[in-house]
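Please look through this note before you open the structure in a viewer.

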Amino acid sequence: MRKNNFAIKMLVLALTVLLALAGCNKYNEETTKTPTDGKDNQPKQTEKAGSGNPDVFNYATNQDIPHLDPHGTSSNTSFRVTYMLYDRLVTYDGTDTEIKPQLAEKWDLPEDGVTYTFYLNKNAKFHDGTPVTAEAVKYSYTRALKIGKSAAGQFNGVIDENSFEIIDEHTIKIKLLKPFSPFLKTLGTVFGNIVNPKLSEHEGNDNGEAYLADKDMGSGPFVLDSWARGQKLVLKANSDYWGEVPKLKTVNVQIVNEPATARLMLEKGELDLLDDTMLSPDVLKQLEGADGIEILKSPGYAIDDISMNIEKKPLDNVKVRQAIAHAVNYDSIINDVLLGAGERIGGIIPKGMFGYNDAVKLYDFDLEKAKELLKEAGQEKGFKLEIAISENNEVRKNIAVMLQSDFKKIGIDLEIKSLAWPTYLDLVTSGKHQLAIGGWTPDYADPDYNLWYFAHSSSKGPGFNLAFYDNKKVDQLLEEGRQTVDEGRREEIYKEIQAIMAEEVPYIFPSQRKVQVPVRTWVKGFEINPMNTWYVPFQKITKD
Amino acid sequence: MARRLFSSPLTLIGLFIVLMIIVLTIFAPWISPKDPLEVNLGQKLLPPSSEHWFGTDEVGRDIFSRIIYGTRISLKIGLLVVVIAFPVGTVLGAIAGFVGGVVDQIIMRITDIFLSFPGIILAMSIAAALGPSIENVLLALAITWWPWYTRIVRSSVLSIKNAEFVESARVIGANPIRVLFKEIIPNSIAPASIQASLDLGFVILAAAGLSFIGLGAQPPSPEWGAMLSSSREILRDAWWAATFPGLAILVTVLGFNLLGDGLRDLLDPKNR
């Protein structure tokens, strides 16, 4: 009996210590699989010498890669990989937010407003050696529409299966259903990836989605080497690439769930680069000046947003929404939560992008004003609200906790719902939420992109109008903007929309983020694109 | 009896810890120096000092005050889970043992189903299905916990079912329900109640574990597991944010276990 007691006590002690050290414990698991095991057959000594193996690049993220179908996925982690496996007619490169030619050497802009002609590079070939043809372009875009998922959202209403005219093997005409000024920009996004038409042999009854989920049928600078789901995805350089062959021979995209672990691995040189969303500003500040590590900083187009579901009472009242906007301590979010890595913004168009309106109404942090507005709305007695956030995001959690503390002072009892990402997504897109904190980065630098998603009434819910905002005037302006070619007029339109939205506040925009990426100093050629911060140009990176 | 209880220093320590926790729970508003929910971002991640004994967390809340308020949550969960699971388990176990036959079969097979899953995994899946909140953790743990009592009580019921005092109660014409509640249960409950006192600590630990993985207490609740979880990332730069909640869990669980052990030594007839 005595012995037994002792055993139980020891067990409890051990369990408690285990719980307390859960973070560290995880690390031990991870280090047993150093990135050197597996495919690369380099001698161990080179690993120890400074930069490690210059041919092998180790990247880490804490979010899993769901699947690799370029037309079906809406996950940044998948984008990052498919952007390397596939090419597009046009692409984004470096820090530039304008398109550059890729598979299309050149193109003719429409004279009638709707017909584009693309001339393909004749050297381009898929990983199996077959050339990239006009047929492949038609096949890919038609497939994107047929699958009806993320990529279709971009092409619906713009093109359909009859939009294509194949002139010859390397020339294709695309006729839009109606004028859509950002069309070329959309083709450079991950949804514009061109897939090998040989996929049609494996289509089954789901357009080959299941088949392509863990395979690569692209023409890009990298090929898929192996993928241990939830652990590591390995890319190999495509030595026959029709363009410039990447310097790195192997890229390991590792899933490291615990940010603290990733940080340690970076410090030890086992990782070269971390996902920019992985570490909180507090940790980045600690890492600043660490030996062999650099925090790359760059302007970004990422905007934090708090959506207020206007279909839920009392958020349907504009006075209540304005009161809430006055109860957000913007300075504290930027200075204390983001530690200065952000700036104040009044709308969903980021500073630095075409169409940005610098004159919209900004709400100051003023609890008295907030109380007054609540009184005018007849809500001075106070009420309860729920705010949804996705878990494992320190910054959003801290913002939510701060809001909770401040809202209490104006009589709003804020309950925080911290949910797993899929649950969160389901809640907000089905409109069951009241408030939700999210973030948004445009896939291409056009105000139509951000505003159509956030403000058009047809985007409610799954289209990411999470405030369920519905304003006829805004709808009409957005539709006009899409069909207007004159840049001056377009700018006016988008500025006007931002001004209307700032007055009606379906969303609060606490900050426009600066991108901060921790990277080993031996990494060269890594440039941050303000728009697609998930995009890592592995094809240009070198290590020395 | 009291002398025997106090003769073991370990039990005394356990008793002291438990009493301390009860005092903290009751007098939390008077003892804690600060509001546990007051966010002060200008003072975040301050190391322990005379102003903040245990330092401040990632949004500038006073960790000492949060830990004191945390005793309320932990104690509430521990007690409520046991208070729900214990009577349910006891009554079912007694019925199974006393009635026997098909009823016994049905109750014990259901019990087996629950016991065939590892407790914490079952609690995790229930809590995950119900959605993250401290009340659901409570429910999940109660659902996972009762079968243990059923088993213990059933076996001790079986051993006294045919004892002479039960027989005599029957002979004088007491109806079976009266026999069950007046004779059987009171005389077979001791082992299960010792188990229950030990379980308090385990329940607190399990609840902290569920909160740690995000299924339990939601912000801004000063639940220890949740506090540990949110300090993970800054563990290396702000040791105090993780250390003190961890210590709080350790001390509490240890206290309940030491006391439970002492009670077992005292009440278990086999130990005399």
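The points below go through the domains, the chain contact, the strands and the helix pairs.

1. Ground rules. This is a predicted model, in which local features need pLDDT of at least 70 and side-chain atom pairs count only at pLDDT 80 or more, while totals for chains, interfaces and linings use all residues. Residues are numbered from 1 along each chain as its sequence is written, and chains are lettered from A and ligands numbered from 1 in the order in which they are written.

2. Domains of chain A. The domain assignment gives domain 1 (87-199) and domain 2 (299-514) in chain A. These bounds come from an automatic or database domain assignment. The C-alpha centres of domain 1 of chain A and domain 2 of chain A are 33 Å apart. Their contact takes 11 residues from domain 1 of chain A and 11 residues from domain 2 of chain A. Two residues are in contact here if their C-beta atoms, placed from the backbone, lie within 7 Å. On the side of domain 1 of chain A that touches domain 2 of chain A, the residues divide into 3 nonpolar, 6 polar and 2 charged. Nonpolar means Ala, Val, Leu, Ile, Met, Phe, Trp, Tyr, Cys and Pro; charged means Asp, Glu, Lys and Arg; the others, Gly among them, are polar.

3. Chain A against chain B. The contact takes 32 residues from chain A and 35 residues from chain B. Which elements give two or more residues to the side of chain A that touches chain B? They are helices H1 (2-20), H2 (22-31), H9 (259-268), H10 (281-287), H12 (330-337) and H14 (394-408), with strand S15 (412-419), of chain A. Helices (H or I, at least four residues) and strands (E, at least two) are DSSP runs, numbered from the N terminus. By class, this side of chain A has 15 nonpolar, 10 polar and 7 charged residues.

4. A sheet in chain A. Four strands make an open sheet in the order S4-S5-S7-S6 (chain A), with antiparallel pairing. Two strands pair if DSSP finds at least two bridges between them. The edge strands are S4 (104-108) and S6 (164-168) of chain A, and each pairs on one side only. Neighbouring strands of this sheet are turned by 20° against each other on average, direction ignored.

5. Pairings inside that sheet. S4(A) is joined to S5 (residues 115-120) of chain A by 4 bridges, and the two run antiparallel. Asp108(A) stands opposite Thr117(A) in S5(A). Ile166(A) has Ile172(A) in S7(A) as its bridge partner. A hairpin joins S6(A) to S7(A) through 2 residues.

6. Another hairpin in chain A. S8 (residues 222-228) and S9 (residues 232-237) of chain A run antiparallel, with 6 bridges. Trp227(A) is paired with Leu233(A) in S9(A). S8(A) and S9(A) form a hairpin with 3 residues between them, and Gly230(A) in the turn has a positive phi of about 80°.

7. H12 and H14 in chain A. Their axes come within 11 Å and cross at roughly 140°. Axes are lines fitted to C-alpha atoms, for helices over the stretch in contact, and angles run from 0 to 180 degrees between N-to-C directions. That angle makes H12(A) oblique to H14(A). Angles under 35 degrees count as roughly parallel, over 145 as roughly antiparallel, 65 to 115 as roughly perpendicular and the rest as oblique. H12(A) passes H14(A) in a right-handed crossing. A crossing is left-handed if the near helix is turned anticlockwise from the far one by less than a right angle, and right-handed if clockwise. Ser332(A), Ile333(A) and Val337(A) of H12(A) meet Val395(A), Asn398(A), Ile399(A) and Met402(A) of H14(A). That contact has 5 nonpolar, 2 polar and no charged residues.

8. H4 and H6 in chain B. H4 (residues 101-115) and H6 (residues 134-160) of chain B pack at about 130°, with their axes 9 Å apart. That makes H4(B) oblique to H6(B). Their crossing is left-handed. Ile107(B), Thr111(B), Phe114(B) and Leu115(B) in H4(B) meet Thr144(B), Pro147(B), Thr150(B) and Arg151(B) in H6(B).
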